[in-house]
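Visitor: Could you show me how to read a sheet, and the helices packed on it, in a model like this one?

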Amino acid sequence: MSSIEHYDVAIIGAGPAGLAAAATAAEHGARVVCIDANDQPGGQFWRHRPEDTHPGDDGSLHHDWKTYLRLRERFDAALGGSLRFYSGRHVWMAQREESGFTLRTTASAQAGRAAPGPQTVRATRLVVCAGGYDRQLPVPGWDLPGVMAAGGIQAFIKANGMLPGKRFVVAGTGPFLLPVAANIADAGGAVAAVCESADLTGWFPHLATAARVPAKALEGAEYAKSFLKHRIPYRTRTVVTEVLGSDRVQAVRTAKVDSRGRTVPGSERLIEDVDAVGFGWGFTAQLELPVALGAETRVDDDGSLVGVVDAQQHSSVPGLYLAGEVSGVGGAALAVVEGLIAGRAAAASSAADPRLARKAATYRAFARAMHLAHPVPAGWQDWLRPDTTVCRCEEVTAGDIAAAKNHLCATDARTMKSMTRTGMGWCQGKVCGFAVSCLAGAEGASAESLQSVAKRPVGVPVTLSELLTLEDEQVLEITTDH
């Protein structure tokens, strides 16, 4: 029969927000459990090589590693006391009950070792710090071997200490392209080009906001130095319109875009001898569990669906807190601050910290400026051909989606799923969901369409045997009561 554990606070995710929330809640006297799918704390931002390898990770491929070490010291100090940590486990379902929350967990397929832990966790309050993942836009040839998410390339380097290719093109929009290219170069790879679709003059209206976060300017200067050192070409208002190759990536075709995001005729350029491409168009919040619990959502300035929270990171669901990318994509620094706030609030601390509130407001303003300066180009759908694969799991093309929209009235992701099978594959729409919502809608992705992509009663694949443990739990509780 399955095991059940009880806590005051449960925290899902051990990235920047989760580490901060877990350490803070434990320090304020709560009995806390933190559950993460990875082998070790750090999340995607501080993903690193296994801690039992020699030599250990010195943080050279990470930004703000000292912050991680400080949080990790607090986190480790609470372990064995008021904090339990279960690594290598997914939360595949969350339920709201009268006394709090019930979480069902399973061993993570991505964990490198056995991950023991309870099948069921019950907690009075819940903090979801599930993070996010790279948002992708389809382009002809993006299904060739060698094409990865920009974050996937970075995670590969950090976790394995090696490169998934030799000569790279990094493309999309946003500051995240910079550390990815720098990590590639520092690891010994060649970066043929970084293609940024935005015009950096988009920052001009937001210079006052950016000036309030001087650490970001210093970070940008570090990347500029790395680009000069490794002679990395940085091309603004440039997009990859096609990935070329027979059985894997061999080249890319780029083009300039105008202020409306439309490709400029005659600006096409071929970059050859490329064996890896990293795409990144911002991030999508991991909202399956908050949506399943009924949390209110909204479309943020970057076009992504995020959870609605108050000043204490409290969602619309009593006892449910959201911190980090799930409440608005804003980077690790903001995620840490939101985790500190959420951990304090979830532990039922008597008073909020005004310094944290001010810091969070500053970082949120910077995140909004970043989203406005690096929008998804409005003309991206023009790059597609009828035979361009949009849903790679189910091999649904742009032509299939256009036909369903025009002839079958499929004007949102949910209806498109029924008519074309988009989002019905292994990833359940995580990769294609944003693009399908945009292609189906008359004016881009709506909140309702994006929410239908995120709504899943089962968060990750589970076995039938694990579903049977739910009945075992009922037997166990009846036995305990009598």
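Guide: This is a predicted model, in which local features need pLDDT of at least 70 and side-chain atom pairs count only at pLDDT 80 or more, while totals for chains, interfaces and linings use all residues. Residues are numbered from 1 along each chain as its sequence is written, and side-chain values use heavy atoms, with hydrogens and water left out.

Visitor: Which strands does helix α3 lie across?

Guide: Helices (H or I, at least four residues) and strands (E, at least two) are DSSP runs numbered from the N terminus; contact means heavy atoms within 4.5 Å, and angles, from 0 to 180 degrees, are taken between the N-to-C directions of axes fitted to C-alpha atoms, for helices over the stretch in contact. Here helix α3 (residues 150–160) lies across β8, β9 and β15 (276–281), and runs at about 85° to β8. Helix α4 (residues 177–186) also packs on the sheet, where it touches β9, β10, β11 and β15, and its direction makes about 175° with that of β10.

Visitor: In what order do the five strands form the sheet?

Guide: Two strands pair if DSSP finds at least two bridges between them. In this model the order is β8-β15-β9-β10-β11, an open sheet with parallel pairing. Because β8 (147–149) and β11 (234–236) stand at the edges with a single partner strand each, one side of each is left without a neighbour in the sheet. From one strand to the next, the twist averages 20°.

Visitor: How many bridges join β9 and β10?

Guide: Strand β9 (residues 167–173) pairs with strand β10 (residues 190–196) in the parallel sense over six bridges, and alanine 171 stands opposite cysteine 195 in β10.
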